Amino acid sequence: MSGASTKNVILLDGSRLTRRQVVSIARGDALVGLAPDQLKRVQRTADFLADQVKRGEPIYGVTTGFGSNADKLLGAHRARDELRGGNPDAQEGIRRDATLMEELQYNLVVTHAVCVGAPLAPDVVRAMFAIRINTLMRGHSGIRASTLQALAELLNHDIVPVIPEKGSVGASGDLAPLSHLAIVLLGEGEAFCKGERVPGAEALKRAGLQPVRLSFKEGLALNNGTAQMLATATLALDRLEKLLATADLAAAMTLDAFAGRTSAFKPEVHALRPHPGQVETAANLRRLLDGSTLADIPYHLVPKFRTWLADSWSDAADQKQRFDIGWDYVPATQRHGKEAFYARFLPFKGGKKHQPQDAYCLRCIPQVHGAVRDALAQAQRVIDIELNAVTDNPLVFPDAKDAKVIEDQVISAGHFHGMPLALVMSYVKASIPVLASISERRLNKLVDPATNDGLPAFLIGNEDGTDSGFMIVQYTAAALVNDLATRAHPACVYSIPTSANAEDHVSMGTNEIRHVLEMTDDLAHVLALEMYTAAQALEYRQDMLNAARTLAARGDWQALARKIAGAPLPGQPHHAQFESETKALMKALAGSSDFHAGAAVRAAFAKIRAVIPFMHHDRAMDADVRKVCELVRSNELIH
């Protein structure tokens with residue numbers, strides 16, 4: 001282990017590795033140590049294999065070939081050594097100094113490192129290291145303690161093998177990617193050292209490490225398992241947990257911008273359908289909206305947007321507003337059969353519709369976000385098991401009781417098969433466009449004047465008719481949602497047999513989970529676009545309500561009346577009633593406290609406004625979009 005580092009050291013013993021620890025190692029925030037007592041078990045298993053080889057026992061992957069070559073037993077020497085005049089392969093680079101069993105393990109690694117595509121991100125590779133080391137620490141794989149320590153040294157010296165992202169079928173585990181991981185241990189392949197791409201031998205040299213010469217089954221132990229798919233899944237779920245928190249926050253900001261209704265989030269409601277994710281989401285929404293004076297305000301208090309005109313405001317201070325406001329009056333003659341309603345609410349139609357429920361994208365947030373939470377919870381359960389599982393083959397049981405033949409102690413099984421991960425992550429994969437889609441629907445509702453409850457069209461004043469506002473933000477969100485939806489089809493339903501049909505059903509889990517991690521970026525972008533739009537809408541809503549409150553507080557009911565369309569004129573029937581009701585509206589507005597969002601929403605709004613100002617008129621929005629995407633990526637808004 002590198003000595004001078006002050007990083008936290010996570011002790012790996014094969015049984016207690018957590019998702020949080022994997023993420024810490026992946027980010028480079030922690031080193032790894034190997035539990036001494038468990039290392040003894042690791043070495044005991046390696047010694048057991050060596051002893052069995054001395055006895056001449058046929059052991060899969062040790063004295064036999066692999067996969068469809070499992071029926072080929074290794075001989076005592078190379079077949080061509082028997083040629084008269086010597087072995088011509090000696091002049092062709094064959095490792096003459098290695099035994100056949102050593103050559104078998106070496107060849108397994110170097111011939112399997114055939115992935116293509118862009119290199120995996122360093123955090124994925126570090127997570128693969130941690131997971132592979134941990135599973136080998138269980139002591140059922142036959143690797144020597146010294147080889148395992150050398151693997152840990154690669155990680156602790158931050159040598160990041162170059163692993164092209166595509167090439168695993170998810171059974172027998174991640175053979176090709178793990179071969180790229182292991183090949184650097186042999187002094188071959190390539191690795192990143194402090195960001196520089198160098199040959200594997202050079203990477204070892206810079207770290208002061210020596211290449212490893214593989215012994216019995218060590219190649220198979222190093223490359224046979226689910227480390228890439230598990231590493232990717234662990235990082236993807238960590239990202240999705242934070243994006244779910246962001247989605248709740250975005251939804252809360254949008255709901256405040258609508259002056260929406262919170263009764264659908266009450267605990268007694270969700271006690272009747274207590275899906276855990278749903279209950280958690282509803283509780284989180286109540287927390288995020290706590291302190292809001294926008295949510296659940298009476299319908300009649302909320303004015304609707306009207307385009308600013310030169311004569312919209314009589315007070316000089318009000319002339320600076322970027323909007324006009326107004327209501328429509330409901331005459332007494334149109335209230336028949338609605339007396340109970342108008343006993344509770346004043347007869348003014350503003351921005352908020354007179355209905356007891358919001359659209360699904362607001363009212364059903366707990367059901368939709370909650371279902372995604374439940375998908376993640378199921379995946380987390382599977383991953384927590386897999387992190388401390390043995391996933392290579394064959395499995396070695398040196399202490400097996402009543403063993404009669406070697407096959408009772410070296411057992412071929414299928415723990416390398418990635419279907420447990422693939423299937424559960426296909427569930428997560430399908431949930432990503434669901435979360436993005438409901439976010440885009442909220443965004444669309446904000447910009448559409450037919451559905452945004454009295455906010456300006458595309459959230460811009462547009463008094464001169466030249467502004468597009470947030471119109472095209474919704475286009476980008478729509479494009480992202482469509483792209484996510486087309487990528488959400490499960491990869492694990494398409495098995496393509498490999499190894500001459502010896503491996504006739506594979507999981508394709510590595511593709512599945514790579515898609516999930518990639519899709520989190522676009523999900524983050526959709527949520528960022530919603531928050532960008534919701535911040536503009538929220539500021540309009542707050543300012544419009546507070547402008548109405550300021551106007552009412554001046555005590556001039558006629559000034560307020562000029563904002564109300566459809567009112568009877570003086571001398572007409574019901575004018576006195578109109579005057580009385582307008583004064584009641586004035587009193588209600590003037591008596592209200594400042595209109596503002598919930599405390600958590602206000603905090604997030606302030607962070608957005610610290611880097612992105614309100615948009616009074618059209619401007620270049622590309623920098624705004626980059627900034628809000630970075631805010632979401634950094635998780636700053638949810639902290």
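## Backbone, helix packing and ring pairs in a predicted model

Alanine 500 has a relative accessible area of 70%, so this residue counts as exposed. The model described here is a predicted one. Alanine 500 belongs to the loop that runs between α16 and α17, and its phi is near 50°, a positive value in a residue other than glycine.

With a relative accessible area of 0%, alanine 259 is buried, whereas alanine 500 is exposed. Most residues other than glycine have a negative phi, and most peptide bonds are trans.

Cis peptide bonds are the next topic. One joins alanine 171 and serine 172, with omega at about 5°; serine 172 is placed in the loop between β5 (164–166) and α6 (175–183). Another joins asparagine 393 and proline 394, where omega is about -5°. Proline 394 lies in the loop between α14 (365–386) and β11 (395–396).

### Helix packing

Helix α17 (residues 509–553) packs against helix α20 (residues 599–609) at an angle of about 105°, and the two axes are 10 Å apart. This angle makes α17 roughly perpendicular to α20. On the α17 side the contact involves Met531, Ala535, Gln536, Leu538 and Glu539, which meet Val601, Ala604, Phe605, Ile608 and Arg609 of α20. Sorted by class, this contact of α17 with α20 holds 7 nonpolar, 1 polar and 2 charged residues.

Helix α1 (residues 19–26) and helix α4 (residues 122–136) form another packed pair, with an angle of about 130° and axes 8 Å apart. The two helices α1 and α4 are therefore oblique to each other, and α1 passes α4 in a right-handed crossing. Val22, Ile25 and Ala26 of α1 make the contact with Asp123, Arg126, Ala127, Ala130 and Ile131 of α4. By class, the contact of α1 with α4 has 6 nonpolar, no polar and 2 charged residues.

### Aromatic pairs

The count of aromatic pairs comes to 11. Two of these pairs are set out below.

| Pair | Centre to centre | Angle between planes | Arrangement |
|---|---|---|---|
| Tyrosine 329 and phenylalanine 348 | 5.6 Å | 45° | tilted |
| Phenylalanine 470 and tyrosine 532 | 4.8 Å | 50° | tilted |

Tyrosine 329 is part of strand β9 (residues 324–329) and phenylalanine 348 is part of strand β10 (residues 348–349), so their pair ties together parts that are 19 residues apart in sequence. Tyrosine 329 is buried, with a relative accessible area of 7%, and phenylalanine 348 is buried at 0%.

Phenylalanine 470 counts as buried at 1% relative accessibility, and tyrosine 532 is buried with a relative accessible area of 3%.

Ring pairs also link Tyr299, Phe341, Tyr342 and Phe345 into a cluster.

### Serine 146

Serine 146 is located in helix α5 (residues 145–156) and counts as partly exposed, at 43% relative accessibility. From C-alpha to C-alpha, serine 146 and histidine 270 are 55 Å apart in space, and they are 124 residues apart in sequence.

Terms used. Residues numbered from 1 in each chain as written. Predicted model: local features only at pLDDT ≥ 70, side-chain atom pairs only at ≥ 80, totals over all residues. Heavy atoms only, no water. Axes fitted to C-alpha atoms, helices over the stretch in contact; angles between N-to-C directions. Helix = DSSP H or I, 4+ residues; strand = E, 2+ residues; numbered from the N terminus. Parallel < 35°, antiparallel > 145°, perpendicular 65-115°, else oblique. Contact = heavy atoms within 4.5 Å. Nonpolar A, V, L, I, M, F, W, Y, C, P; charged D, E, K, R; others polar. Left-handed = near helix turned anticlockwise from the far one by under 90°. Phe/Tyr/Trp six-rings, centres within 6.5 Å; stacked < 30°, edge-to-face > 60°. Buried < 20%, exposed > 50% of the residue type's maximum accessible area, 1.4 Å probe, protein only.
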